[in-house]
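Open the model in your viewer and keep the sequence panel beside it. The tour moves from one selection to the next.

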Amino acid sequence: METIELKVDMVALHEKRLRKCLSKVKGIERVEVEASIEKVVITGYANRNKVVKALRRVGLRVEFWSAHNEILSTYATGSVMFNTYSFF
């Protein structure tokens, strides 16, 4: 089994459209959506390029998840603590 991690621009209504689109792609067994960080994890035997093509066909902006996205999502969720120092 293969795991495909994607970054999908999510708006409140896009998750329903995303799941409906992916239900039509053969080989997908499980879809996990983390809307707060715009991450979709797909598990199954589906071809990566067919999954991306299907999502783009319905108008969703999709790219493969990368380490850069991981860093950005950490800052977006606020899970990183910042130390603020005042020198004056």
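Start at the hairpin. Strands β2 and β3 form it, with four residues between them. Select Glu38 in the turn: its phi is positive, about 60°. Strands here are DSSP runs of E with at least two residues, helices are runs of H or I with at least four, and both are numbered from the N terminus.

A word on the model before going further. It is predicted, so local features need pLDDT of at least 70 and side-chain atom pairs count only at pLDDT 80 or more, while totals for chains, interfaces and linings use all residues. Residues are numbered from 1 along each chain as its sequence is written, and side-chain values use heavy atoms, with hydrogens and water left out.

**The whole chain**

Colour by secondary structure. There are three helices and four strands, in the order β-α-β-β-α-β-α along the sequence. Of the 88 residues, 34% are buried. Buried means under 20% relative accessible area, exposed over 50%, and partly exposed in between, with a 1.4 Å probe and protein chains only. Show the surface next. The accessible area of the chain is about 6,500 Å², with 54% belonging to carbon and sulfur atoms; the areas come from the Shrake-Rupley method with a 1.4 Å probe, and for residues only the protein chains shown count as cover. Among contacts between residues at least 6 apart in sequence, 60% join residues at least 24 apart. A contact is a pair with heavy atoms within 4.5 Å.

**The loop**

Go back to the loop between β2 (28–34) and β3 (39–44) and pick Ser36. Ser36 counts as exposed because its relative accessibility is 63%.

**Strand β3**

Select β3. How many of its six residues are buried? Six of the six are. Lys39, Val41 and Thr43 are on one side, and Val40, Ile42 and Gly44 are on the other. Six bridges join β1 to β3, running antiparallel. Six bridges also join β2 to β3, again antiparallel. Two strands pair if DSSP finds at least two bridges between them.

Click Thr43 in β3. Thr43 is buried, at a relative accessible area of 10%. Arg30 stands opposite Thr43. Beyond neighbours within four places in sequence, Thr43 touches Met1, Glu2, Thr3, Gly27, Ile28, Glu29 and Arg30.

**Salt bridges**

Side chains of opposite charge can pair when their charged atoms come close. A salt bridge here is a side-chain nitrogen of Lys or Arg within 4 Å of a carboxyl oxygen of Asp or Glu. The whole structure has six.

Stay with Arg30. Its side chain meets Glu32 in a salt bridge, 3.0 Å from N to O. Arg30 is partly exposed at 48%, and Glu32 is partly exposed at 34%.

Next, select Lys7, whose bridge partner in β3 is Lys39. Is Lys7 buried or exposed? Lys7 counts as buried, at 18% relative accessibility. Lys7 forms a salt bridge with Asp9, the closest N and O atoms being 3.4 Å apart. Asp9 is partly exposed, at 24%. Glu38 also forms a salt bridge with Lys7, with the closest N and O atoms 2.9 Å apart. This pair links distant parts of the chain: Glu38 lies in the loop between β2 and β3, Lys7 in strand β1, 31 residues apart. Glu38 is partly exposed, at 21%.

Select α1 and look down its axis. Its buried residues are His14, Leu18, Cys21 and Leu22. They sit on the same side of α1 because they cover an arc of only 90° around the axis, taken from the directions from the helix axis to the C-beta atoms. These buried residues pack against β1, β2, β3 and α2. Turn to the face away from them: the exposed Lys16 and Lys20 are there.

Finish in the largest nonpolar core. Of its 20 residues, Leu6, Leu18, Val51 and Leu55 touch the most other members. Elements giving two or more residues are β1 (2–8), α1 (14–22), β2, β3 and α2 (48–57). The most come from α2, with four. A nonpolar core is a set of buried Ala, Val, Leu, Ile, Met, Phe, Trp, Tyr and Cys residues joined through side-chain atoms within 4.5 Å. Not counting residues up to four places away in sequence, Leu55 touches Leu6, Leu18, Cys21, Leu22, Leu60 and Val62.
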